[in-house]
Amino acid sequence: MEFLPQIAFLIIVATASFFLYKRITRIRMNIFLGKPSGRTDRTSERWKTMLLVAFGQQKMFKRIIPAFLHFLIYAGFLVINLEVLEFVIDGLAGTHRIFAPYLGDFYTVLINVFEFLAVAVLFSCFAFLIRRNVMKIKRFSGEEMRKWPTLDANLILVIEIILMFAILTMNATDMLIQGQDDHYAQTGTFFFSSFLIPLFEGMSVSTLIFVERFAWWFHIVGILGFAIYVTYSKHLHIAMAFPNTWYSNLEEKGKIENMPVVTNEVKMMLGMPAEGSNEPPAEIARFGAKDVNDLSWVNIMNAYSCTECGRCTSQCPANMTGKKLSPRKIMMATRDRAEEVGASLAKGGKGLEDGKSLLGDYITKEEINACTSCNACVEACPINIDPLSIILEMRRYVSMEESAAPASWNGMFQNIETSFSPWKFAPTDRFNWAEDLNKESK
Amino acid sequence: MSDQQLSVPTMAQMTAKGESPEVLFWVGCAGSFDDRYKKVTLAFIKILNKVGISYAVLGEEETCTGDPARRAGNEFLFQMQAIANIQVLDGYNVKKIVTACPHCFNTLKNEYPELGGNYEVIHHSTFLQQLINEGKVGLKGGGEFKGKKITYHDSCYLGRANNIYDAPREVLEALDAELVEMKRCRTKGLCCGAGGAQMFKDAEPGDKEVNIERTEEALDTGANIIAAGCPFCMTMMRDGVKSKEKEDTVAVMDLAELIAKNEGL
């Protein structure tokens with residue numbers, strides 16, 4: 001029965017991988033409910049953006065304190081996961097700290113660095129818990145943050161704290177066992193976990209081995225569980241931030257994406273040669289967006305990348321003056337709707353045809369009408385999410401499919417059509433200002 | 001300047017004479033019809049005349065760029081306007097456009113190319129900055145605004161939308177004024193509340209109007225002049241100042257007006 005732990009480990013890793021694979025496939029499918037996007041141009045600029053914004057955390061550093069704390073967790077995550085490699089090899093091979101004999105003193109240095117990062121992660125997670133729950137930073141609250149989003153945020157921090165404690169406990173008990181059990185390699189002293197040694201001194205070797213093994217299993221199973229949990233959580237940004245920044249909008253923020261379908265129709269109306277005008281008209285898709293499938297897949301990926309940090313909402317002029325619009329909520333609603341449709345489709349259900357839609361059931365016209373298109377939300381997002389483009393697509397739907405834009409906007413449209421100005425002035429009066437020139441200058 | 005008659009050349013007149021101006025001044029609807037913003041148009045015309053640049057306007061041939069229609073979701077109307085405007089602009093073989101409206105600027109510069117309209121488009125803040133750098137206006141030293149406290153309200157459509165933050169500030173520095181920044185400025189600048197076609201409808205219900213929030217920030221700087229570079233910002237800030245009953249002590253002025261006044265135009 002000596003292979004039992006290895007078999008158990010293999011089964012656990014395989015099960016976790018299976019669930020992870022299924023979940024990733026589902027998210028991928030949900031994202032591709034959206035329409036194609038042409039964002040594969042300018043690849044060198046895209047790599048650069050990803051390196052700077054996601055890998056380099058460039059936009060986080062607009063707020064220095066959270067940026068620093070976040071950086072510690074981020075660096076800890078990247079580096080400590082190297083240790084997971086050893087965990088996996090040990091778990092499958094039945095070895096213990098397989099790298100220790102090969103790396104010698106360097107192993108001691110390496111694990112000490114990991115421990116330093118683990119402590120840094122602990123420090124940041126505690127600081128973040130205090131910021132969220134004691135200091136009550138405004139952007140962590142809001143209509144859309146009730147219940148699950150707030151619980152999710154706290155759960156992530158607590159899980160990370162427990163996982164870090166598991167590493168330190170494992171190292172502390174390991175140091176005590178070394179020399180008493182041949183299986184345990186000599187590793188030298190680990191600085192930070194040494195502080196935990198007094199907790200375990202005096203325990204029998206068998207108890208220490210139990211604690212050490214428990215911490216080892218707890219950490220690796222915890223990581224696997226966390227990996228699955230993350231796919232259901234706002235914490236998915238740890239993976240999605242990278243593709244999300246790669247596919248981000250590289251045009252000037254003020255530019256609204258063109259609708260080529262409309263261009264063709266307008267050109268035909270104006271009697272101009274239009275591209276493809278000789279071909280029979282393809283089935284015209286909906287103008288603008290009513291539901292998630294009308295958005296581009298980048299919009300939906302944006303939603304899956306959102307960490308709900310609320311920087312967008314805290315900068316939104318409509319939100320700060322008490323209006324219903326919250327860009328964060330736009331992103332959360334988009335993700336919720338994609339999840340709902342995906343779950344229904346996976347069960348062979350009605351999917352998009354369930355009588356509900358993103359606009360109306362998740363996002364109201366009042367919200368989208370309140371947007372000033374000022375791009376503050378786009379600027380504020382640390383990973384280049386673009387809530388504005390979703391809002392504008394919905395306005396297009398309301399305006400062109402429903403003809404249900406606010407009455408004063410319809411008035412403005414009419415003025416532009418008849419007087420060529422958003423205000424109702426006679427077009428022949430447009431140049432009257434020039435007459436004032438010499439009146440004034442005298 | 002005042003004893004001499006100024007005239008504003010139109011593209012049609014210029015073309016009839018077989019001339020083509022270096023730059024087209026795109027006046028915009030606000031610059032053409034809004035009583036307050038017409039003064040900005042006039043100030044800018046005076047500057048253009050003073051520096052002797054070859055320019056023209058479209059006059060009655062100019063129409064809305066379509067910006068508010070597109071932002072309110074009416075893509076059809078936007079493209080109708082855009083394509084018609086492009087036909088006019090291309091008909092006159094326009095190469096370079098200057099405009100005092102950031103919304104016109106953004107649309108002409110960023111959105112017309114995809115519909116076939118390719119021009120060099122500059123906002124008047126950049127244009128004025130270039131004139132200052134060339135020594136054609138400003139830097140008289142001890143002008144009307146010397147030492148006065150001026151705050152600059154970033155227009156979203158210049159700033160975040162097109163990354164123009166320095167040009168307007170350099171224009172103000174040329175006045176030898178004391179430039180004081182608001183709490184929220186540059187990339188974090190707060191919208192006046194009128195962009196995204198909000199200018200043309202009432203705001204949604206809330207606790208406060210955006211322009212009031214922004215005006216409070218501007219007044220907090222203690223500046224006597226709020227400088228703007230956008231007709232919508234100008235209207236919103238003026239309304240804000242009025243609602244705070246500060247219109248006697250705090251002026252809202254466009255960059256072109258400040259330069260024109262400094263030049264004694």
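**Entry 1: chain B overall**

I looked up burial in chain B and found that buried residues make up 65% of its 265 residues. Buried here means under 20% relative accessible area, with exposed over 50% and partly exposed in between (1.4 Å probe, protein chains only). I note that this is a predicted model, in which local features need pLDDT of at least 70, side-chain atom pairs count only at pLDDT 80 or more, and totals for chains, interfaces and linings use all residues. Residues are numbered from 1 along each chain as its sequence is written, chains are lettered from A and ligands numbered from 1 in the order in which they are written, and side-chain values use heavy atoms, with hydrogens and water left out.

I then checked the overall dimensions of chain B. A compact globule of 265 residues would have a radius of gyration near 18 Å, and chain B agrees because its own value is 18 Å. The radius is taken over C-alpha atoms, and the globule rule is 2.2 Å times the number of residues to the power 0.38. Along the principal axes, the C-alpha atoms of chain B fill a box of roughly 50 × 45 × 30 Å.

Of the contacts in chain B with a separation of 6 or more, 79% are between residues 24 or more positions apart; contact means heavy atoms within 4.5 Å. Chain B exposes about 9,300 Å², of which carbon and sulfur atoms supply 44%. The accessible areas come from the Shrake-Rupley method with a 1.4 Å probe, and for residues only the protein chains shown count as cover.

I recorded 30 positive and 38 negative side chains in chain B, with the centres of the two sets 3 Å apart. Lys and Arg count as positive and Asp and Glu as negative, while His and the chain ends are not counted. Each charge is placed at NZ of Lys, CZ of Arg, CG of Asp or CD of Glu.

**Entry 2: strands and sheet of chain B**

For secondary structure, I found twelve helices and eight strands in chain B. Helices (H or I, at least four residues) and strands (E, at least two) are DSSP runs, numbered from the N terminus.

I traced an open sheet of four strands in chain B, in the order β2-β1-β3-β4 and with parallel pairing. Its edge strands are β2 (55-56) and β4 (120-123), each of which pairs on one side only. Two strands pair if DSSP finds at least two bridges between them. Within chain B, β1 (residues 23-26) and β3 (residues 96-99) pair in the parallel sense over three bridges, and L24(B) stands opposite I97(B) in β3(B).

I also followed β5 (residues 149-152) of chain B, which pairs in the parallel sense over three bridges with β6 (residues 178-180) of chain B. The bridge partner of T151(B) in β6(B) is V180(B). β5(B) also pairs with β7 (residues 225-228) of chain B, in the parallel sense over three bridges, and Y152(B) stands opposite A227(B) in β7(B). In a regular strand, side chains alternate between the two faces of the sheet.

**Entry 3: T126(B)**

I located T126(B) in helix α7 (residues 124-133) of chain B. T126(B) counts as buried because its relative accessibility is 17%. Not counting residues up to four places away in sequence, T126(B) touches I164(B) and A167(B). T126(B) and V171(B) are 45 residues apart in sequence, and their C-alpha atoms are 8.5 Å apart.

**Entry 4: chain A**

I counted 21 helices and zero strands in chain A. A compact globule of 442 residues would have a radius of gyration near 22 Å, but chain A has 28 Å. The C-alpha atoms of chain A fill a box of roughly 100 × 60 × 40 Å along the principal axes. Buried residues make up 51% of the 442 residues in chain A. Chain A exposes about 21,000 Å², with carbon and sulfur atoms supplying 65% of it.

I examined helix α10 (residues 237-246) of chain A, whose buried residues include H237(A), M240(A) and W246(A). The buried residues of α10(A) pack against α1 (4-31), α2 (43-55), α3 (64-93) and α12 (297-305) of chain A.

I placed A318(A) in helix α14 (residues 317-320) of chain A; at 2% relative accessibility, A318(A) counts as buried. Leaving aside neighbours within four places in sequence, A318(A) is in contact with K323(A), L325(A) and A370(A).
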